[in-house]
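Let's walk through this one with the model open beside the text.

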Amino acid sequence: MNAQIFDISAYSVIIIMIGLLLWYKSYFLDELPEFSKHTLDMLRQPLEDGKIRISRVKYSVEYPADFMLIASMNPCPCGYYNHPTRQCTCSPGAISRYLGHVSGPLLDRFDIQVQILPVSYADMCSTAPQESSAAIRERVMNARQIQLDRFAADSSNSGIFSNSQMTSAQIRRYATPDADGKALLGEAMERLQLSARAYSRILKVARTIADMESSPTVSAVHIAEAIGYRTLDRSSWGT
Ligand SMILES: [Zn+2]
């Protein structure tokens, strides 16, 4: 029984909203479709603006609400859609209804949507050397410093210091990919029918991936990786 529980939870689809301010609060919503759709949709405004506005007849107040939202959900009601060894028993309609509990506009606001596959026994037992957490932290801190330097030197900068906060003009200035990257992104936009919001989020994530490699250029390989983090944008999901 424990093995089954582990298997299902390991196969959850993890959706990650990265990148607002690292020291602002992070929120984790487990089993995202179990929350009320109305409640989830109320997150759309703060996710977009980093603020919450409350308006009444005589007054209106605004509170800061920059936060990082992390959420998880199963890929389908039975939990085995796209599973490498188990058979999903859900109909396309059942999968569609399950995913429908989370609105498209809300999903669109997640920068990164990743499908987590179960870890194989061989991988669990592997003694092959892995990159340490300390080494990964070093790369992350380096990427953060690159962003701090970038926006500190930007004359139009209005207090931002991370790629996720870039305006449209800054995305054009700092995250425009090379020719191959542009062609790849254009093809993906058409094939996956991505939204304008997904387009700018892919460019921000690609800029961050390039920063992780200390690459001044956003190239096709960075764009490809960022597109790969839009799992739930794919229209083939559940069909
Ligand atoms: Zn299923």
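## Ground rules and overall make-up

This is a predicted model, so keep its thresholds in mind: local features need pLDDT of at least 70, side-chain atom pairs count only at pLDDT 80 or more, and totals for chains, interfaces and linings use all residues. Residue numbers start from 1 along each chain, following the sequence as written.

The protein's secondary structure comes to eleven helices and six strands. Those labels are DSSP runs numbered from the N terminus, with helices being H or I of at least four residues and strands being E of at least two. Of the 239 residues in the protein, 25% are buried. Here "buried" takes 20 or more other C-beta atoms within 10 Å of a residue's own, "exposed" takes 12 or fewer, and "partly exposed" is in between, with C-beta atoms placed from the backbone.

As for contacts, two residues make one if their C-beta atoms, placed from the backbone, lie within 7 Å. Take the contacts between residues at least 6 apart in sequence: 73% of them join residues at least 24 apart.

## The S3–S4 hairpin

Strand S3 (residues 51-55) and strand S4 (residues 60-64) pair in the antiparallel sense over five bridges; pairing requires that DSSP finds at least two bridges between the strands. Four residues sit between S3 and S4, and the two strands form a hairpin.

## Helix H10, well wrapped

Helix H10 (residues 196-212) has 17 residues and reaches 25 Å from first C-alpha to last, close to the expected 24 Å. That expected span is 1.5 Å times one less than the number of residues. Because twelve of its 17 residues are buried, H10 is largely enclosed by the rest of the structure. Among those buried residues are Ile202, Leu203, Val205 and Ile209, and the list also includes Arg201, Lys204, Arg207 and Asp211.

What do the buried residues of H10 pack against? The partners are helix H5 (104-108), strand S6 (112-115), helix H7 (133-152), helix H8 (168-174), helix H9 (179-191) and helix H11 (220-228). After H10 comes Ser214, with a positive phi near 55°.

## H9 against H11

The axes of H9 and H11 come within 7 Å and cross at roughly 25°. Axes are lines fitted to C-alpha atoms, for helices over the stretch in contact, and angles run from 0 to 180 degrees between N-to-C directions. H9 and H11 are therefore roughly parallel to each other, given that angles under 35 degrees count as roughly parallel, over 145 as roughly antiparallel, 65 to 115 as roughly perpendicular and the rest as oblique.

On the H9 side, Asp180, Gly181, Leu184, Leu185 and Ala188 meet Ala220, His222, Ile223, Ala224 and Ile227 of H11. The residues of this contact divide into seven nonpolar, two polar and one charged.

## Loop residues to look up

Glu31 is in the loop between strand S2 (26-29) and helix H2 (37-41). Glu31 has a positive phi of about 55° although it is not a glycine, and it is exposed, with 11 other C-beta atoms within 10 Å. Leaving aside neighbours within four places in sequence, Glu31 is in contact with Ser72 and Met73. Glu31 and Ser72 are 41 residues apart in sequence, yet 5.5 Å apart C-alpha to C-alpha.

Asn82 lies in the loop between S5 and H4. Its phi is positive, near 70°, in a residue other than glycine, and Asn82 counts as partly exposed with 15 C-beta neighbours inside 10 Å.

Methods
Ala, Val, Leu, Ile, Met, Phe, Trp, Tyr, Cys and Pro count as nonpolar, Asp, Glu, Lys and Arg as charged, and the others, Gly among them, as polar.
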